[in-house]
Amino acid sequence: MSTHIWTVNITLARQAATPVVLEGIAEDNSPRNTPDPDLLDELESHEAFEAAASLQLILKEHAGVVIAAEWMCDGKQLVTASWDHTAKLWDAERGECVCTLSGHDEELTNCCTHPTQRLIATSSRDTTFRLCDMRAPTIHSVNVFQGHSNCVTTAVFTSKDNMVSASDDRTIKVASRLSQLDCHSWYPLNTIRCLVLLFVCHLSVCMST
């Protein structure tokens, strides 16, 4: 029921090359032991790293299991999703909850943030996923996506500002946003179902031709 924030220090350290011996027979039929030059070059260029982690903050406000956590695009805030039917936006420096995103009727399964904008997607067992627009300082709009018939396991952003949702109903739905500024202008593009069957059918057609 808590989220831990860690600081990880990574130190790169060049490893000393370990000679690799290639055993074989020389031209005069005597045994030879010579390093493999290609393997030596690979070992000499290899860099190992050491990581040390230290606990910075423990965030405790959820009333249920915290199932997912994701950083916002600015790296100063993060979002958590919980089985208590809510998602929370946190100030990562102060460890304070900025706001609680409620509205789902059942446990959340995942949360996802946009890589460049303050947009949050939450998915739930209530067969929906929600898009929360956090770009305005005070007014936060929410768009609810329906269409799945079972638990939505995840909803993620794509590089072209589409969204993809996956569900226990064995379908994947793709949604597209028409405008960068209007979060209510998403519309469904496609539903992908029975992926294995479609692949088998396509393969059968290719083999028959």
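Author: Begin with a term: a residue is called buried if its relative accessible area is under 20%. Keep in mind that this is a predicted model.

Reader: Is phenylalanine 129 buried or exposed?
Author: Phenylalanine 129 has 5% relative accessibility, so it counts as buried.

Reader: How do strands of a sheet pair?
Author: Strands of a sheet pair through backbone hydrogen bonds, and the pairing is either parallel or antiparallel. Here, an open sheet is built from four strands in the order β9-β10-β11-β12, with antiparallel pairing.

Reader: Which are the edge strands?
Author: They are β9, residues 108–113, and β12, residues 141–145; each of them pairs on one side only. On average, neighbouring strands of this sheet are turned by 20° against each other, with direction ignored.

Reader: How many bridges join β10 and β11?
Author: Five bridges join β10 (residues 119–124) to β11 (residues 129–133), in the antiparallel sense. For isoleucine 120, the bridge partner in β11 is cysteine 132.

Reader: How many aromatic pairs does a search of the whole structure find?
Author: The search finds one. The pair consists of phenylalanine 129 and phenylalanine 145, with 4.4 Å centre to centre and 5° between the planes. Planes under 30 degrees apart count as stacked, so this pair is stacked.

Reader: Where in the chain do the two partners lie?
Author: Phenylalanine 129 is in strand β11 and phenylalanine 145 is in strand β12, 16 residues apart, so the pair links distant parts of the chain.

Reader: And is phenylalanine 145 buried or exposed?
Author: Phenylalanine 145 counts as buried because its relative accessibility is 12%, and the limit for buried is under 20%.

Terms used:
Residues are numbered from 1 along each chain as its sequence is written. This is a predicted model: local features need pLDDT of at least 70, side-chain atom pairs count only at pLDDT 80 or more; totals for chains, interfaces and linings use all residues. Side-chain values use heavy atoms; hydrogens and water are left out. Two strands pair if DSSP finds at least two bridges between them. Helices (H or I, at least four residues) and strands (E, at least two) are DSSP runs, numbered from the N terminus. Axes are lines fitted to C-alpha atoms, for helices over the stretch in contact, and angles run from 0 to 180 degrees between N-to-C directions. Rings of Phe, Tyr and Trp (its six-membered ring) pair if their centres lie within 6.5 Å; planes under 30 degrees apart count as stacked, over 60 as edge-to-face and the rest as tilted. Buried means under 20% relative accessible area, exposed over 50%, partly exposed in between (1.4 Å probe, protein chains only).
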